[in-house]
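Have the structure open as you read.

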Amino acid sequence: MATGSSRLSLFRPSRPNRWFRLAWIVPAVLVTMALLVLAANGIRDLPPVESFTRGYPGVSTHLAATPVGIPAWLAWQHGLNAFFILFVIRTGWQVRTTKRPSIFWTRTNTGLFRTKNPPIRITLDLWQHIVFDTLWVVNGILFYVLLFSTGQWLRIVPTNWDVFPNAVSAGLQYASLDWPTDSGWVYYNALQLLSYFVVVFIAAPIALVTGLRMSPGLSARFRRLDRVFPLPVARKLHFAVLIFFVAFIVVHVTLVLTTGARANLNHMYAARNDDGWTGVWIFVAALLVTAGIWAGARPAVVRAIAARSGRIIHRKR
């Protein structure tokens with residue numbers, strides 16, 4: 001026989017499932033994209049806009065010294081960066097959404113990393129985030145060194161003001177589904193150039209600086225920074241950069257797969273300028289490795305790895 005509370009629950013209005021609410025995002029995005037395509041095509045038919053796109057076809061002026069082609073080091077740097085940033089995003093989201101963590105880690109204050117001050121206890125999610133952040137930063141430092149020592153920086157740094165009207169033109173072409181001329185092996189279009197510049201020289205440094213500002217050790221020892229760079233500001237900027245990276249990855253992968261997938265993947269993963277399958281197979285292998293590590297990064301496994309460098313503490317929820 002049903003109790004009073006169970007009978008009442010039958011008549012209590014149920015709250016919509018969170019995932020059901022999120023499901024409305026997909027059709028809303030599709031409708032928005034369809035309207036955007038229609039609007040872009042209508043705008044492109046206007047005589048002033050036609051004249052604008054003829055004058056600015058979407059490619060910015062490049063210096064004569066700009067290198068042609070993608071070297072092998074850039075291909076594997078791109079693959080490593082993609083791997084690390086996915087786990088940075090995953091662990092960062094875990095840190096943000098876990099309300100009552102139950103597993104903590106404290107660094108063992110011995111060996112090469114011994115410090116005068118006692119180590120600070122952090123959550124296991126934050127430990128994961130810091131580990132992948134560190135790997136991402138080390139890879140990024142190597143990327144910067146190679147980028148400037150080989151001249152490849154010229155491919156992603158604007159050198160002429162015409163990059164801005166050409167970026168508008170390229171964006172209009174993308175929005176109307178009439179893709180800009182693809183010559184990624186030789187040069188990027190203006191919108192790609194600006195996007196990669198923002199990712200490498202603006203978003204990544206902001207992520208690093210705000211992450212360091214939020215670090216438990218630094219935030220506790222450098223209280224004077226609160227006036228110049230308050231923690232709430234750092235948290236908001238850090239989260240905004242996370243959203244930016246997610247949006248960039250979604251758009252980037254979509255365009256890679258819809259604007260000549262084999263050629264694009266050969267450029268990015270095999271450092272080849274052809275339509276063969278080498279880049280595709282390397283990309284598939286990278287996906288399988290990433291998926292395997294993603295699935296294998298269970299709490300028990302992470303705890304076992306973290307325990308090699310610190311003390312694990314369990315707290316009842």
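## How two helices cross

A crossing is called left-handed if the near helix is turned anticlockwise from the far one by less than a right angle, and right-handed if clockwise. In this predicted model, helix 4 and helix 7 make a left-handed crossing. Helix 4 spans residues 47–55 and helix 7 spans residues 163–175; they pack at an angle of about 115°, and their axes are 9 Å apart.

On the helix 4 side, the contact is made by Val 49, Phe 52 and Thr 53, while helix 7 brings Pro 165, Val 168, Ser 169 and Leu 172. Sorted by class, five of these residues are nonpolar, two are polar and none is charged.

## A look at Ser 169

Leaving out residues up to four places away in sequence, Ser 169 touches Phe 52, Thr 53, Tyr 56, Pro 57 and Gly 58.

## The nonpolar cores

The largest nonpolar core has 14 residues, and Ile 85, Phe 132, Trp 136 and Phe 245 touch the most other members. Two or more residues each come from helix 5 (72–97), helix 6 (124–149), helix 8 (190–214) and helix 11 (231–258). Helix 5 is the main contributor, giving six residues.

Beyond its neighbours within four places in sequence, Ile 85 is in contact with Trp 136, Phe 245 and Ile 249. There is also a second, separate core of eleven residues, including Ile 70, Trp 73, Ile 156 and Tyr 188.

Terms used
Residues are numbered from 1 along each chain as its sequence is written. This is a predicted model: local features need pLDDT of at least 70, side-chain atom pairs count only at pLDDT 80 or more; totals for chains, interfaces and linings use all residues. Side-chain values use heavy atoms; hydrogens and water are left out. A nonpolar core is a set of buried Ala, Val, Leu, Ile, Met, Phe, Trp, Tyr and Cys residues joined through side-chain atoms within 4.5 Å. Buried means under 20% relative accessible area, exposed over 50%, partly exposed in between (1.4 Å probe, protein chains only). Helices (H or I, at least four residues) and strands (E, at least two) are DSSP runs, numbered from the N terminus. Contact means heavy atoms within 4.5 Å. Axes are lines fitted to C-alpha atoms, for helices over the stretch in contact, and angles run from 0 to 180 degrees between N-to-C directions. Ala, Val, Leu, Ile, Met, Phe, Trp, Tyr, Cys and Pro count as nonpolar, Asp, Glu, Lys and Arg as charged, and the others, Gly among them, as polar.
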